[in-house]
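Trainee: Could you walk me through how to read a model like this one, feature by feature?
Mentor: Gladly; let's look at it together.

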Amino acid sequence: MPRSRSARAQSSLPDPSSRGAVPPLPELSKEDINALPIRAYEGDIRLIRDEEALAGALESLRREDLLGFDTETRPIFTKGKTCPPALLQLAAHDCVYLVQLRHLPFDERLAGLLADPRIIKAGVAVRDDMLALERLRPFVPAGAVDLAVLAKARGMKAQGLRNLAANLLGFRISKSAQCSNWEKDELSPQQIRYAATDAWVGRELYAHLS
């Protein structure tokens, strides 16, 4: 029987746990984490809202071999209801690109980038984000790596982005904008910095864990 698209997508994701036993990493207590300094991404951020900006972003992104990856969705507080992703974040080595899906459709070019096995896309709960994007346009993700899986393979219990950043990178990241409205026409500076930081941290964590 042919496999479903979701099954094919899951099978395309690398399994870092197959690399063999490695020494477990030490973990910080909650008190230790709260004592760490807060950091945010301070590099170049490009908000992608039109075709010209998207074309330039894709030209640069296709030259990368590692991208930090994340999406943001407007929160819904009604049980059983969900919203589609409103923002796609991709962190390159020198810039973070924020694609506002309110202004640009998730088209075959973006889907093709996420389906390219040559380019690693690293983040937390990557499979859930990819499945949400698949509902906008069918594609089979490739090169996606879940940092929680990498951390678990190293014997770590902490798997959220904030805890991983604290334990492995030595700083905290703010989650204050997490539940804000990501479908706004104009994102606030706080939202932009928050979204860029999440994608950047994903890239930094992959480099550290791998």
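What follows is a conversation about confidence, nonpolar cores and aromatic pairs.

Trainee: Where should I start, and how confident is the predictor in this protein?
Mentor: Start by remembering that this is a predicted model. Where pLDDT is low, the coordinates should not be read in detail. Here the protein averages a pLDDT of 88, and 87% of the residues score at least 70. Be careful with residues 1–14, where pLDDT stays under 50. The model does give that stretch 19 contacts beyond four places in sequence.

Trainee: Next, the interior. Which residues have the most contacts inside the largest nonpolar core?
Mentor: The general idea is that nonpolar side chains tend to be buried together in soluble globular proteins. In this structure the largest nonpolar core has 33 residues, and those with the most contacts inside it are Val96, Leu147, Leu164, Trp182, Val201, Leu205 and Tyr206. At least two residues of this core come from each of β3 (85–91), β4 (95–100), α6 (147–153), α7 (161–169) and α8 (189–209). Helix α8 gives the most, with 10 residues.

Trainee: What does Val96 touch, leaving aside residues up to four places away in sequence?
Mentor: Val96 touches several residues, including Tyr41, Ile45, Leu90, Ala196 and Trp200. Apart from this core lies another, of 26 residues, with Ala92, Leu101, Leu113 and Phe139 among them.

Trainee: Now the rings. How many aromatic pairs does a search of the whole structure find?
Mentor: The search finds four. To read a pair, look at the distance between ring centres and the angle between planes. For Tyr41 and Trp200 the centres are 5.8 Å apart and the planes are at 45 degrees, so this pair is tilted. Tyr41 lies in the loop between α2 (30–34) and β1 (44–48) and Trp200 in helix α8, so the pair ties together parts that are 159 residues apart in sequence.

Trainee: Are Tyr41 and Trp200 buried or exposed?
Mentor: Tyr41 is buried, with a relative accessible area of 9%, and Trp200 counts as buried at 12% relative accessibility.

Trainee: Why is the pair of Phe171 and Trp200 called stacked?
Mentor: Their planes are at 10 degrees, with the ring centres 5.8 Å apart, so the pair is stacked. Phe171 lies in the loop between α7 and α8, so its pairing with Trp200 in helix α8 ties together parts that are 29 residues apart in sequence. Phe171 counts as buried too, at 5% relative accessibility.

Conventions
Residues numbered from 1 in each chain as written. Predicted model: local features only at pLDDT ≥ 70, side-chain atom pairs only at ≥ 80, totals over all residues. Heavy atoms only, no water. pLDDT = per-residue confidence, 0-100. Contact = heavy atoms within 4.5 Å. Core = buried A, V, L, I, M, F, W, Y, C linked by side-chain atoms within 4.5 Å. Buried < 20%, exposed > 50% of the residue type's maximum accessible area, 1.4 Å probe, protein only. Helix = DSSP H or I, 4+ residues; strand = E, 2+ residues; numbered from the N terminus. Phe/Tyr/Trp six-rings, centres within 6.5 Å; stacked < 30°, edge-to-face > 60°.
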